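Let us walk through a protein model, one group of side chains at a time. Keep the 3D view open as you read.

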Amino acid sequence: MNVLSRILLSILLLGCAASARAQVFEIIEPDVEAGGFEIEVLSGVVLGEVEGDLDRAGHEFSLGYAPFSFWFSEAVIAVAKPADEGVEYDAFEWENTFVIPLAIEDGVAPDGEGRDLFAVEGLGAYLSWEVPREGGAGDSSLSVGPIAAVRVGPVESVLNLFAEIPFDEDEEAGLAFALSVATPVADFGRGDVSLGFEGHGTIDGAFVDAQPLDEQGHFLGPAVYSEIELNNGYALESRLALLFGLTESSSDAVASFNISLGF
């Protein structure tokens, strides 16, 4: 078995071992490399008691490709594990990231390492179509909104802000956001490690009749990120976040993990 086969097998085993779909959290970055492929596994596992109709855990398995320098598209299979049942297919998603190829930079002052103190490192938009197992295309939904990456000195922040639009006329559109803030803490030649924190939240009915705060799902917690440059142009990226619920309707804590292989 060659190195690539071992890496792909490890990714699948990590995905299957994490126990499957509760809240699955993700940070979408405005970064596209033309002609690049990516395989990714994203997992979320509720720690502690599972309340209401939440799943114990969940996974998303995706394969993506960037046909142009401004467009990255991926097909995603989501599976879920209800608290008292086995793993089941949950949804299919088609996700697209569009970016402005030329980064917009607004230098304020050098930070001592030859970089501007402040820079907008990426801007773009995200569009996804989700088709759930239950209800099919009639109960599908769109997510659309801006993504941005901003750096202040060595600290980089990524913000996602998406409108979630259901096809079912009886359901109201909602709003979802994600924020990551991280700074490098170690550089070992062919890779680096960064530490920071993430915030995630959803507001159902945000544009008409928003839920009370206690009924919204909001999370905040520490995160660690790493990137390793492998042979033959391969890159392995990983992320681990421990997210704590901030409202009564949120799970007490969720472990969120993803690993991706780019080539």
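Start with Phe37, which counts as partly exposed because its relative accessibility is 37%. This is a predicted model. Phe37 has an aromatic partner, Tyr65. Their ring centres are 4.5 Å apart and their planes meet at 35°, so the pair is tilted. A tilted pair falls between the two cut-offs: planes under 30 degrees apart would be stacked, and planes over 60 would be edge-to-face. Phe37 sits in strand E1 (residues 37-47) and Tyr65 in strand E2 (residues 55-68), so the pair ties together parts that are 28 residues apart in sequence. Tyr65 is partly exposed too, at a relative accessible area of 35%.

Now look at Phe68 and Trp71. These two form a stacked aromatic pair, with 6.4 Å from centre to centre and 15° between the planes. Phe68 is partly exposed at 42% relative accessibility. Trp71 is partly exposed as well, with a relative accessible area of 23%. How many aromatic pairs are there by this rule? The count comes to 8.

Next come the charges. Side chains of opposite charge can pair when their charged atoms come close. A search of the whole structure finds 4 salt bridges. One of them links Arg133 to Glu88, with the closest N and O atoms 3.1 Å apart. Arg133 lies in the loop between strand E5 (118-132) and E6, while Glu88 lies in strand E4 (residues 88-99), so the pair ties together parts 45 residues apart in sequence. Arg133 also bridges to Glu134, where the closest N and O atoms are 3.2 Å apart. Glu134 is exposed, with a relative accessible area of 58%.

Arg151 makes a salt bridge with Glu121, at 2.8 Å between the closest N and O atoms. Arg151 is in strand E6 and Glu121 in strand E5, so this pair ties together parts 30 residues apart in sequence. Is Arg151 buried or exposed? Arg151 counts as buried, because its relative accessibility is 8%. Glu121 is partly exposed at 29%.

Finish on the surface. A nonpolar patch is formed by Phe68, Phe70, Phe98, Leu127, Val144 and Ile165, with about 470 Å² of accessible area together. Val144 belongs to strand E6 (residues 141-152). A negative patch includes Asp139, Glu169 and Asp204. Asp204 lies in the loop between strand E9 (191-203) and strand E10 (217-229).

Conventions. Residues are numbered from 1 along each chain as its sequence is written. This is a predicted model: local features need pLDDT of at least 70, side-chain atom pairs count only at pLDDT 80 or more; totals for chains, interfaces and linings use all residues. Side-chain values use heavy atoms; hydrogens and water are left out. Patches are made of residues with over 30% relative accessible area and no salt bridge: like charges are joined within 9 Å, nonpolar side chains (Val, Leu, Ile, Met, Phe, Trp, Tyr) within 5 Å. Accessible areas come from the Shrake-Rupley method with a 1.4 Å probe; for residues, only the protein chains shown count as cover. A salt bridge is a side-chain nitrogen of Lys or Arg within 4 Å of a carboxyl oxygen of Asp or Glu. Lys and Arg count as positive and Asp and Glu as negative; His and the chain ends are not counted. The place of a charge is taken as NZ of Lys, CZ of Arg, CG of Asp or CD of Glu. Helices (H or I, at least four residues) and strands (E, at least two) are DSSP runs, numbered from the N terminus. Rings of Phe, Tyr and Trp (its six-membered ring) pair if their centres lie within 6.5 Å; planes under 30 degrees apart count as stacked, over 60 as edge-to-face and the rest as tilted. Buried means under 20% relative accessible area, exposed over 50%, partly exposed in between (1.4 Å probe, protein chains only).
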